[in-house]
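Have the structure open as you read.

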Amino acid sequence: MTQKPCPWTGERVFEIRRALGRRLKEAGIQEAEIEARHMLGAVLDEWPDPDLRLDKTGAQALEAMVLRREAREPLSHILGAWGFWSLDLAVSKDVLTPRPETERLIEIALGHLGQGPLKILDLGTGSGAILLSLLQERPDAMGLAVDRSPAALQTAMQNAQSLKLDTRTMFVEGDWDAALPHGPFDLVVSNPPYIAHDEIATLEPEVRRYEPVLALDGGMDGLDAYRAILPLLPHYIKPGGAFVLEIGADQGAAVSDMAQAQAGLGDICVSQDLGGRDRVVSGLCN
Ligand SMILES: C[S@@+](CC[C@H](N)C(=O)[O-])C[C@H]1O[C@@H](n2cnc3c(N)ncnc32)[C@H](O)[C@@H]1O
């Protein structure tokens, strides 16, 4: 049986980029051009002379990536890494790929941090994106990361080590209340699962097929995690300390109502992401 030649072998980089963009577009990928650049960048050591031709090894590596992407596997899983805030994070099938909207949570959280030394708690840390970004910004802080998924915690630990933040980070495997013996904290942050259960089946294939259900499923109305986390906050947070939670775009009123109804939570504020959608609920513990 004769093997089909790999389509990119001997082709010039600038031609490949165009053809790759077209192929990804046909597969239904929205940001096809940008992704084509990322994939090419991953098989080339540095961005080359556009006339350079791809050798057989590079061409095969690229084709393997394209086939995975055409099957709608997320680019982040294919590359094994993703940018968030100022960090380059390892990601895997066991963690949610950190989203740009979550950077809004980082901005708001930084605004709540007073003088150090500080203790920060991240509930549902996943890749560690939130906590590690805050620790990177604040060398006077230490943090504790909780997740129920041991595999996610492994990825978060790997990220803490490669960013040299592991000496300031502790990891606890368990449910939302697992860090109670380690408090109190100056700041509690969380991006919990908040998609309504039935909505998951309607999401893009990259999300519904490849991202961990534990990171997505917020129960019948998407609010289960907030119902569990909010009553814990007065026990977790020092008087005058703050909480910052990511929310779904239609959950601002429900989550802030719940936060107000919980003892000691005040100054509740709903903030929007760059797209103008409600994205963060924050407040203080009096
Ligand atoms: C939406 S992801 C957020 C990941 C990361 N913080 C980020 O923003 O990219 C939610 C995380 O919460 C974790 N999680 C879900 N239910 C949990 C529970 N009951 N207790 C602790 N962690 C939980 C999931 O494993 C997942 O890593």
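Helices (H or I, at least four residues) and strands (E, at least two) are DSSP runs, numbered from the N terminus. Buried means under 20% relative accessible area, exposed over 50%, and partly exposed in between (1.4 Å probe, protein chains only).

This is a predicted model, where local features need pLDDT of at least 70 and side-chain atom pairs count only at pLDDT 80 or more, while totals for chains, interfaces and linings use all residues. Residues are numbered from 1 along each chain as its sequence is written, and side-chain values use heavy atoms, leaving out hydrogens and water.

Which residues of helix α12 (residues 252-261) are buried? They are Gly252, Val255, Ser256, Met258 and Ala259. These residues lie on the same side of α12 because they cover an arc of only 155° around the axis, taken from the directions from the helix axis to the C-beta atoms. On the other side of α12, Ala253, Gln260 and Ala261 are exposed.

## The nonpolar cores

A nonpolar core is a set of buried Ala, Val, Leu, Ile, Met, Phe, Trp, Tyr and Cys residues joined through side-chain atoms within 4.5 Å. The largest one has 34 residues, and Leu121, Tyr226, Leu230, Tyr236 and Phe243 have the most contacts inside it. Apart from it lies another core, of 25 residues, including Leu118, Leu132, Leu134 and Ala160.

## An exposed arginine

Arginine 22 sits in helix α1 (residues 13-26). Arginine 22 counts as exposed because its relative accessibility is 51%.
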